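Below is a short report on one model. Please look at the sequence and the 3D view first, then read on.

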Amino acid sequence: MAAAQGRKVHFWPHDGAFAPITPYVLCTWKADPRFYAEYPTPRAVFSLGAGVDHLHPLRGRTDFPVYRVIDPDLTARMAEYVTFAALFLHRQIPLYLQHQKQRIWDPPDQDAASSVRVGILGTGVMGEAAGRALQMIGYQVSGWARSARQNSPFPVHAGKEALPRFLAEIDILVNLLPRTPETTGLVNADVFAILGTQRTGKKFFINAGRGETVAQKDLIAALQSGVLNGAVLDVFSPEPLPADNPLWGMDNVLITPHVAADSNPATIVPQILRHVGELERGAIPLPTVDLARGY
Ligand code: NDP
Ligand code: OXD
């Protein structure tokens, strides 16, 4: 509250009814759609995370700028998570955990990172940072995005037509796509089948984007049939992942409860206040979200 520097902060719904003082901004994370109905004329909307799929009740609105968290702390956390997950899978940690339980000493063959190809779906703020971190370890990194890149630290394939070619050349697929109408269910059986077809070897999947972008039944089938050798999964549809979901019981799957990159209030509140200050001075900082595009 002190950080708000004299501005009134109203917590909804805990603080009860509020006759909006004009102008006001909304700071929101997975709010009940009634929230937006109660405050229909915001000066700006701030997502309290990087993802903005939770803002779907505002789709079609163009009368205010929308901002998301872009924060080095959050980005670094995602790069950490993806690096951990890639090493966990490529360095065969599930096998050692299993061997340890059985007291088995049996060193397997081990590929160098430089021979492992990691592909990133979505090379935005998170995807590019994760790719850079993976490159530092020596992985061969490539990416896939909607639009072509000028100055990417690794090759980026653009557009739907380029997807099969991108997939055929990778061993570890990392999903960092936002959830939009176009990306919903995009990672499906066809994607898993093409993965790494240019070279025989192990194939892995990491998902820290959104659960809805993956056809979960296809993922389960790919893990059960050996099309995929393992996965590290942070996001699901629905969340929490129901206790009877087969993914929980799979030895080749590591599940984390949507913790890849948590927003830290200590770093995001000053960012929001900086933008609010600019709005108060009449400058409209460039919106970081395009609601029509969905991210
Ligand atoms: P950005 O908006 O910066 O990047 C999104 C990327 O996805 C861009 O490269 C974009 O392409 C690409 N993309 C979007 N739609 C398509 C499409 N139809 N086809 C191909 N590429 C597409 O997002 P961030 O990198 O900051 O974050 C990504 C997601 O990660 C968030 O939306 C959120 O869902 C998730 N997240 C998860 C967290 C967790 O704890 N698990 C924490 C934070 C974020 P282009 O560059 O061409 O626009
Ligand atoms: C986010 C998230 O989008 O935590 O920031 O998933």
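Tyr295 places a polar side-chain atom 2.5 Å from an oxygen atom of ligand 1. Glu182 meets a nitrogen atom of ligand 1, with a polar side-chain atom at 3.0 Å. On its own, ligand 1 has 930 Å² of accessible area, and the protein covers 92% of it. Such areas come from the Shrake-Rupley method with a 1.4 Å probe; for residues, only the protein chains shown count as cover.

Residues are numbered from 1 along each chain as its sequence is written, while chains are lettered from A and ligands numbered from 1 in the order in which they are written. In this predicted model, local features need pLDDT of at least 70 and side-chain atom pairs count only at pLDDT 80 or more, whereas totals for chains, interfaces and linings use all residues; side-chain values use heavy atoms, with hydrogens and water left out.

## The shell around ligand 1

Ligand 1 is surrounded by 29 residues. The closest are Arg68, Met126, Ser147, Arg149 and Tyr295. A residue is near a molecule if one of its heavy atoms lies within 4 Å of it. The shell holds 14 nonpolar, 9 polar and 6 charged residues. Here Ala, Val, Leu, Ile, Met, Phe, Trp, Tyr, Cys and Pro count as nonpolar, Asp, Glu, Lys and Arg as charged, and the others, Gly among them, as polar.

Which element gives the most to this shell? Helix 4 does, with 3 residues. Helices (H or I, at least four residues) and strands (E, at least two) are DSSP runs, numbered from the N terminus. Domain 1 (2-71 + 263-280) and domain 2 (73-255) each supply at least three residues to the shell around ligand 1. The domain bounds come from an automatic or database domain assignment.

## Ligand 2

Trp29, Gly49, Ala50, Gly51, Arg210, His258 and Ala261 surround ligand 2. By class, this shell has 3 nonpolar, 3 polar and 1 charged residues.

A backbone N or O atom of Ala50 lies 2.7 Å from an oxygen atom of ligand 2. For a polar backbone atom of Gly51, the distance to an oxygen atom of ligand 2 is 2.6 Å. Arg210 uses its side chain, with a polar atom 2.9 Å from an oxygen atom of ligand 2. Taken alone, ligand 2 exposes 210 Å², and the protein buries 86% of that.

## Aromatic pairs

The structure holds 8 aromatic pairs. Rings of Phe, Tyr and Trp (its six-membered ring) pair if their centres lie within 6.5 Å; planes under 30 degrees apart count as stacked, over 60 as edge-to-face and the rest as tilted. The ring centres of Trp12 and Phe35 are 5.3 Å apart and the planes meet at 50°, so this pair is tilted. Trp12 sits in the segment before strand 1 (25-28) and Phe35 in helix 1 (residues 33-38), so the pair ties together parts 23 residues apart in sequence.

Are Trp12 and Phe35 buried or exposed? Both are buried. Buried means under 20% relative accessible area, exposed over 50%, and partly exposed in between (1.4 Å probe, protein chains only). Ring pairs also link Trp12, Tyr24, Phe35, Tyr36 and Tyr39 into a cluster.

## Backbone details

Two peptide bonds deserve a look. The bond from Trp12 to Pro13 is cis, with omega near 5°. Pro13 lies in the segment before strand 1. The bond from Glu239 to Pro240 is also cis, with omega near -5°. Pro240 belongs to the loop between strand 9 (230-233) and strand 10 (253-255).

Lys30 has a positive phi, near 50°, although it is not glycine. Lys30 is in the loop between strand 1 and helix 1. Arg103 also has a positive phi, near 55°. The loop between helix 3 (93-102) and strand 4 holds Arg103, which is exposed at a relative accessible area of 80%.

Arg117 is part of strand 4 (residues 117-121). Its relative accessibility is 10%, so Arg117 counts as buried. The Arg117 side chain reaches the backbone oxygen of Glu169 at 3.2 Å.

Thr184 lies in the loop between strand 7 (172-175) and helix 6 (189-194). With 43% relative accessibility, Thr184 counts as partly exposed. Thr184 and Glu212 are 28 residues apart in sequence, yet 5.5 Å apart in space, C-alpha to C-alpha.

Definitions and conventions:
Polar contact = N/O pair within 3.5 Å; in protein donor to acceptor, adjacent residues only side chain to side chain.
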